[in-house]
Amino acid sequence: MRPGFVSDLQSMLSGMDPVIDDASYRFVSDANPALAPKAIAMIRETEGVTWVIPAEATGGTGPRFARITLQVQSDLEGVGLTAAVATGLASEGIACNVIAAFHHDHLFVPWHRREEALAILNRLSDDARR
């Protein structure tokens with residue numbers, strides 16, 4: 001475990017403190033390389049490269065996603081956080097795409113359901129603190 005990072009599920013859930021980014025995002029496949037500086041994530045797959053780019057920069061159409069960052073510094077080897085939040089959101093029919101970074105987990109949910117998703121995540125965190 002990395003010093004200062006949380007790895008047990010109860011602590012990860014209780015410390016989530018989710019925050020919604022003001023910007024909306026799109027997942028774009030094989031975007032124009034000039035957009036690379038605007039991308040907040042890039043993932044190489046066999047089929048091509050996926051970029052997560054602020055929607056306003058893409059100039060395109062397609063679904064927009066809200067980024068909810070879990071403020072807890074969860075250990076990359078912590079078990080259950082992704083499953084718990086995905087299950088909580090799925091129980092209400094909310095899609096969730098997760099990107100785990102070094103310091104935080106970032107959840108991408110449909111833009112029009114962002115406030116509902118935030119409420120669910122806060123409820124999960126509150127329940128873990130009891």
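Ser-24, neighbours within four places in sequence left aside, is in contact (heavy atoms within 4.5 Å) with Ile-53, Pro-54, Ala-55, Arg-64, Phe-65 and Trp-111. The model is a predicted one, in which local features need pLDDT of at least 70 and side-chain atom pairs count only at pLDDT 80 or more, while totals for chains, interfaces and linings use all residues. Residues are numbered from 1 along each chain as its sequence is written, and side-chain values use heavy atoms, with hydrogens and water left out.

Ser-24 belongs to strand 1, where helices (H or I, at least four residues) and strands (E, at least two) are DSSP runs numbered from the N terminus. With a relative accessibility of 10%, Ser-24 counts as buried, the classes being buried under 20% relative accessible area, exposed over 50% and partly exposed in between, for a 1.4 Å probe and protein chains only. Its side chain is joined to that of Arg-64 by a polar contact of 3.2 Å; such a contact is a pair of N or O atoms within 3.5 Å, of which, within protein, one must be able to donate a hydrogen and the other to accept it, and residues adjacent in sequence count only if both atoms are side-chain atoms.

The open sheet is formed by six strands in the order 2-3-1-4-6-5, with antiparallel pairing, two strands being paired if DSSP finds at least two bridges between them. Strand 2 (41-45) and strand 5 (97-100) stand at the edges with a single partner strand each, so one side of each has no neighbour in the sheet. On average, neighbouring strands of this sheet are turned by 30° against each other, direction ignored; axes are lines fitted to C-alpha atoms, for helices over the stretch in contact, and angles run from 0 to 180 degrees between N-to-C directions.

The buried residues of helix 4 are Ala-117, Leu-118, Ile-120, Leu-121, Ser-125 and Ala-128. They cover an arc of only 160° around the axis, taken from the directions from the helix axis to the C-beta atoms, which puts them on the same side of helix 4. These buried residues pack against helix 1 (9-14), strand 1, strand 4, helix 3 and strand 6.

Arg-113 lies in the loop between strand 6 and helix 4, and counts as buried at 19% relative accessibility. Its side chain makes a polar contact of 2.9 Å with the side chain of Glu-116, and, not counting residues up to four places away in sequence, Arg-113 touches Glu-92, Gly-93 and Ile-94.

Leu-35, in the loop between strand 1 and strand 2, counts as buried at 18% relative accessibility and is in contact with Ile-53 and Ala-57, its neighbours within four places in sequence left aside. Asp-17, in the loop between helix 1 and strand 1, is partly exposed with a relative accessible area of 49%, and its phi is near 40°, a positive value in a residue other than glycine.
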